[in-house]
Amino acid sequence: MSSRTVFPHFAAGIVVKGFGRGSKELGIPTANFPDEVVANLPSSMGTGIYYGLAKVMDGPTYGMVMSVGWNPYYKNTKKSMETHILHVFDEDFYGSWLRVVVLGYIRPELNFESLDLLISAIKNDISTAERKLAQGCFDKYSDHPFLTCPVDTIVKNPAIIASHNVVVIATPTASTAIQKEASDITSAGDALDSSCEVEKTTTSDSSSVNGHLTNGHSS
Ligand SMILES: Cc1cc2nc3c(=O)[nH]c(=O)nc-3n(C[C@H](O)[C@H](O)[C@H](O)COP(=O)(O)O)c2cc1C
Ligand SMILES: Nc1ncnc2c1ncn2[C@@H]1O[C@H](COP(=O)(O)OP(=O)(O)O)[C@@H](O)[C@H]1O
């Protein structure tokens, strides 16, 4: 049996509609990924609440918190992957490309006795994420080619693969530049381990490597 870190997990997809509860009931909007992105989560990345970085189209990179699972409070029947970006946007961005780098785990998904308790828990998650991200350990990911390359690169090249924490765009034209930049980012998992307090999940699956990427779009 072997163990490995799940993080970072890279994902990109077009923002789709959810149930509209994030903004209206909770006051905390969450951008939903399409089913394809959810289906491509590595089996080792279980349901729960995560934190990391997010970027809409070619906009700035922000911190984020993410819920992965069935939202036990609402008893959803479909697994979702919902990202609350730590920024106040002027308007909705349904239909836009969202890129995320999931960097750590916060807690399991829970049921709550009231909506207020769910909201308090999410606010706690936001504080936790802000604290973790403020440590500066993740700054390298803001400069990671996955986030810095134009969104067009990802849209036009869906065959993106990740290997040992280095994102490679698998086309001749894009790959040279991207790989060159990416080569500066070595063994991100090790860097995380040595300089940050990062929660790790473990798995007995030894067939995968660190740094996963899922890509999807609705259409
Ligand atoms: C950081 C964070 C933590 C969350 N934690 C839970 C949780 O513990 N239990 C739960 O049922 N839902 C949880 N949610 C999911 C919310 O219930 C969900 O975002 C809300 O239902 C909005 O869904 P919608 O975008 O599909 O409308 C969490 C969401 C976020 C962003
Ligand atoms: N800070 C933010 N984080 C995530 N989504 C946001 C944010 N600000 C605005 N939005 C918009 O709000 C939408 C989510 O609102 P929400 O009420 O949760 O509805 P839905 O259930 O359709 O996801 C996102 O798809 C996005 O377009």
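Leaving aside residues up to four places away in sequence, M66 touches Y50, G52, M81, E82, T83, V100 and V102, a touch being a contact with C-beta atoms, placed from the backbone, within 7 Å of each other. The model is a predicted one: local features need pLDDT of at least 70, side-chain atom pairs count only at pLDDT 80 or more, and totals for chains, interfaces and linings use all residues. Residues are numbered from 1 along each chain as its sequence is written, while chains are lettered from A and ligands numbered from 1 in the order in which they are written.

M66 also turns up in the largest nonpolar core, a set of 38 residues in which L53, M64, M66, V100, V101 and L103 touch the most other members. Such a core is made of buried Ala, Val, Leu, Ile, Met, Phe, Trp, Tyr and Cys residues joined through C-beta atoms within 7 Å. At least two core residues come from each of β1 (9–14), α2 (35–39), β3, β4, β5, β6, α3 and α5 (145–148), and β3 is the top contributor with six. Helices (H or I, at least four residues) and strands (E, at least two) are DSSP runs numbered from the N terminus; the protein chain has eight helices and nine strands. Of its 219 residues, 35% are buried, meaning that 20 or more other C-beta atoms, placed from the backbone, lie within 10 Å of the residue's own; 12 or fewer makes a residue exposed, and anything in between partly exposed. For contacts with a separation of 6 or more, 71% join residues 24 or more positions apart.

Helix α3 (115–134) is worth a look of its own. Its end C-alpha atoms sit 29 Å apart, which agrees with the 28 Å that its 20 residues should span at 1.5 Å a residue, the expected span being 1.5 Å times one less than the number of residues. L118, D125, A129, K132 and L133 are buried in α3. These buried residues line one face of the helix, because they fall within an arc of 90 degrees seen down its axis; the arc is taken over directions from the helix axis to the C-beta atoms. They pack against β3 (48–56), β4 and β6 (97–107). The other side of α3 has D116, S120, S127, R131 and A134 exposed. Just past the helix, G136 has a positive phi of about 85 degrees.

As for the ligands, 24 residues surround ligand 1, with G18, R21, G22, S67 and Y73 the closest; a residue is near a molecule if its C-beta atom, placed from the backbone, lies within 6 Å of it. α3 gives the largest share of this shell, four residues. By class the shell holds 12 nonpolar, eight polar and four charged residues, where Ala, Val, Leu, Ile, Met, Phe, Trp, Tyr, Cys and Pro are nonpolar, Asp, Glu, Lys and Arg charged, and the others, Gly among them, polar. Around ligand 2 there are 21 residues, and G18, G22, S23, P29 and D92 come nearest. Here α1, β2 (31–32) and β5 each give two or more, and α1 gives the most, four. The classes in this shell are eight nonpolar, nine polar and four charged.

Technical notes:
Contact = placed C-beta atoms within 7 Å.
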